[in-house]
Amino acid sequence: MSSIVATYNLCKRYGNTHSVQDVNLSVQEGEIYGFLGPNGAGKSTTLKMILGLAHPTGGTVTVFGKEFAANRRHILRQTGSLIESPSYYGHLTGLENMRVVQRLRNVPDRNVSEALAIVRLEKQKDKKTSQYSLGMKQRLGIAMALLASPRLLVLDEPTNGLDPAGIGEIRELIQSLPQRYGMTVLLSSHLLSEIEQIATSVGIINQGKMLFQGRLDQLQNRSRPAISIKTLKNEEAEKLLAGKGYAPAVQGDTLRLESLTDVQVAQINRDLTLAGIGVLRIEEHKRNLESIFLDLTGKEHSL
Ligand SMILES: Nc1ncnc2c1ncn2[C@@H]1O[C@H](COP(=O)(O)OP(=O)(O)OP(=O)(O)O)[C@@H](O)[C@H]1O
């Protein structure tokens, strides 16, 4: 696999504020890379620098293995993007808006019908875009980004403001792109649940700094699930486990243990049973990204 997008110590400073600080982002070919962070973390600024829409104050960007600054046209010809809200003319129909971009991109008619088909807007293509729903406008924006059959698609918060059904549709659409069209997708979101459902790799940014980058499963594995155990004699169980070096926390009528491997859980079960402490229930609590984010930042943070 080769790196489709790579940033090296990318920085953006506005006055004295470091909006993006030494970000090393790496997107591999064919993956869906979820760029996750709370509002104001620096996601849009990073994506804009990758697309040449904002000038870095430090570091470099390479796309398709080429330095951005020296290969701008070559890179942008193979890149589709939707940054912030889609731009379109409300008094024109979806199709007419597509034609405007078609002329700019200089692509054949076939691309227009294909892009409209991918985002499932063929039936509404003759409707004025001012009459489109938010989800339809968003899909039109993605169709515009897809028009030149890009190798790389960059989407900034593509599901922002959509209802759950609209979010589901856009998610399905994005998920189909790498397999069906060989595209690489880089998308940002402040929603953990969304990135968890859509991305194969993830980068987590907060206050301009990258906190984690890797495969989604690596992130989830990094934080093993907690286990709660309910026994017939919790006090005895607590003593026994503490004696074996664990740190059980009493939570109501259960004991909670963090970060155990499966082997450890099996051993604990055996130890308790051998000591005559009946085990009533062992429950696993899978960590979601939100609690993993908490671990990474050490702070309460709503994403
Ligand atoms: N043109 C600008 N001038 C000054 N500060 C800016 C500018 N653009 C962005 N910033 C600042 O840079 C920081 C990062 O903003 P950015 O838009 O990249 O965050 P984000 O992660 O995309 O958040 P959101 O989801 O809210 O868009 C913020 O503190 C923002 O105020």
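Two residues are in contact if their C-beta atoms, placed from the backbone, lie within 7 Å. The model is predicted: local features need pLDDT of at least 70, side-chain atom pairs count only at pLDDT 80 or more, and totals for chains, interfaces and linings use all residues. Residues are numbered from 1 along each chain as its sequence is written.

**View A. Helix H3 and its packing partners.** Helices (H or I, at least four residues) and strands (E, at least two) are DSSP runs, numbered from the N terminus. H3 covers residues 94-105 and spans 16 Å from first to last C-alpha, close to the 16 Å expected at 1.5 Å a residue (1.5 Å times one less than the number of residues). Gly94, Asn97, Met98 and Val101 of H3 are buried. Because these buried residues fall within an arc of 100 degrees seen down the axis, they line one face of the helix; the arc is that of the directions from the helix axis to the C-beta atoms. They pack against helix H4 (109-118) and helix H5 (134-146). Asparagine 106, with a positive phi near 55 degrees, follows H3.

**View B. Strands S12 and S15.** S12 (residues 226-231) and S15 run antiparallel and are joined by 6 bridges (strands pair if DSSP finds at least two bridges between them). Isoleucine 227 stands opposite glutamate 284 in S15. Of the 7 residues of S15 (residues 279-285), 0 are buried, so the strand lies largely in the open. A residue is buried if 20 or more other C-beta atoms lie within 10 Å of its own, exposed if 12 or fewer, and partly exposed in between, with C-beta atoms placed from the backbone.
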